[in-house]
Amino acid sequence: MIKLFSLKQQKKDEEGSARAGGSQKKASAAQLRITKDLNELNLPKTCSTEFPDPDDLLNFKLIICPDEGFYRGGRFVFSFKVGPNYPHEPPKVKCETAVYHPNIDLEGNVCLNILREDWKPVLTVNSIVYGLQYLFLEPNPEDPLNKEAADELQSNRRLFEQHVQRAMRGGQSCFDTPLGCESLRDDIQVRADIGRQGNAHRTRIAYCCYVRSLIASSKNYKVMQMSSERFYTRGNQKTIHNFNKL
Amino acid sequence: MKVTVKSWTGVATWRWVANDDNCGICRMPFDSCCPDCKLPGDDCPLVWGACSHCFHIHCIVKWLHSQPQQQCPMCRQDWKFNNK
Ligand SMILES: [Zn+2]
Ligand SMILES: [Zn+2]
Ligand SMILES: [Zn+2]
């Protein structure tokens, strides 16, 4: 798969140089290095990559579906942005999926040592993949980004597990129809398409679970409450007013 | 039979003697240059640290410049150039 990309790239480069009479644009150091990283990528079976633009190897997504631990059954999407200084600087990695995790905050910032102070250029995309995978197997309550989640993991593992499960149910497929939460990041809009879903009641329950888990996992309850007024259903565009009663 | 050598062309190959094939920073082979250079050889030499790790000089210098502490990017020991 990845090999195809480099072949494609090569072909494109050749075409480009044929057209430009041999003066092809040289790939940047970061591009050269990331191409090598991706060619040598050895993904664990729980991980896969996606390239929204196959010609752009500097921006891609990593999908992790843990098969054990608290996060078993979840599906978490991370965006990788590889800057021009790679590998002297680590890629910028964000979690695009809402998750209740001591080391991932609601904005998707990830606290992983090798993405920050312990980065060194001999590390590769593969090292980061394994680091992220480990984060789901062994969430680390020391040095947390989501303090509530960290405290709960230490004080009450069962409750922690419940909140994790709830956040995962709400954030992803619940009752086999995905309850969209496309842009939790921006202004926390959740579109629960009650009108279109067969079972409005079950959808509403799922939706309530999701909203609660957001609140449970939020550092800032007030912000969540305010944003909640913007939650609406796509079917009839009705704002959910009784949110506070949930 | 008598052979007279009228002219000859010498051909030699060279390799850097390093304990690895690729530079750990740019991942280019040591026999080629770092991504910022055009030609391998004396213009883009290899350097060794006291820890015995080896990199393109341009790669390691760029890394050391970006760091508050001068550490080997491979083993994190303090970086000292080994002038052998
Ligand atoms: Zn190098
Ligand atoms: Zn060089
Ligand atoms: Zn070293």
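Before the first click, one term: donors are N, O and S atoms within 2.8 Å of the metal (3.2 Å for Na, K and Ca), and since water is not among the atoms, sites may look incomplete. This is a predicted model, where local features need pLDDT of at least 70, side-chain atom pairs count only at pLDDT 80 or more, and totals for chains, interfaces and linings use all residues. Residues are numbered from 1 along each chain as its sequence is written, chains are lettered from A and ligands numbered from 1 in the order in which they are written, and side-chain values use heavy atoms, leaving out hydrogens and water.

**Stop one: ligand 3.** Select this zinc ion, whose donor residues are spaced C-x1-H-x18-C-x2-C in sequence. Around it you'll find C51(B) (SG), H53(B) (ND1), C72(B) (SG) and C75(B) (SG), at 2.0 to 2.3 Å. The site is tetrahedral, with angles of 106 to 112° among its 4 donor atoms; for four donors, that label asks for all angles between 85 and 135 degrees. Buried means under 20%, exposed over 50%, and partly exposed in between (1.4 Å probe, protein chains only).

**Stop two: ligand 2.** Which residues hold this zinc ion as protein donors? They are C34(B) (SG), C37(B) (SG), C44(B) (SG) and H58(B) (ND1), 2.0 to 2.3 Å away. Their spacing along the chain reads C-x2-C-x6-C-x13-H. Helices (H or I, at least four residues) and strands (E, at least two) are DSSP runs, numbered from the N terminus. This site is tetrahedral too, with angles of 98 to 119° among its 4 donor atoms.

Zoom out and color by secondary structure to see 1 helix and 3 strands, running β-β-α-β along the sequence. Of its 84 residues, 33% count as buried.

**Last stop: C111(A).** Jump to the loop between β4 (92-95) and α3 (125-137) of chain A, where C111(A) is found. An unreviewed UniProt entry annotates C111(A) as "active site"; such annotations may be inferred rather than shown by experiment, feature names are shortened, and positions follow the numbering used here. Is C111(A) buried or exposed? It's buried, with a relative accessible area of 13%. Leaving aside residues up to four places away in sequence, C111(A) touches N103(A), R116(A), L135(A), D143(A) and L145(A), where contact means heavy atoms within 4.5 Å.

Terms used. Four donors count as tetrahedral if all angles lie between 85 and 135 degrees; four count as square planar and six as octahedral if opposite donors are over 155 degrees apart and all others between 65 and 115; anything else is irregular.
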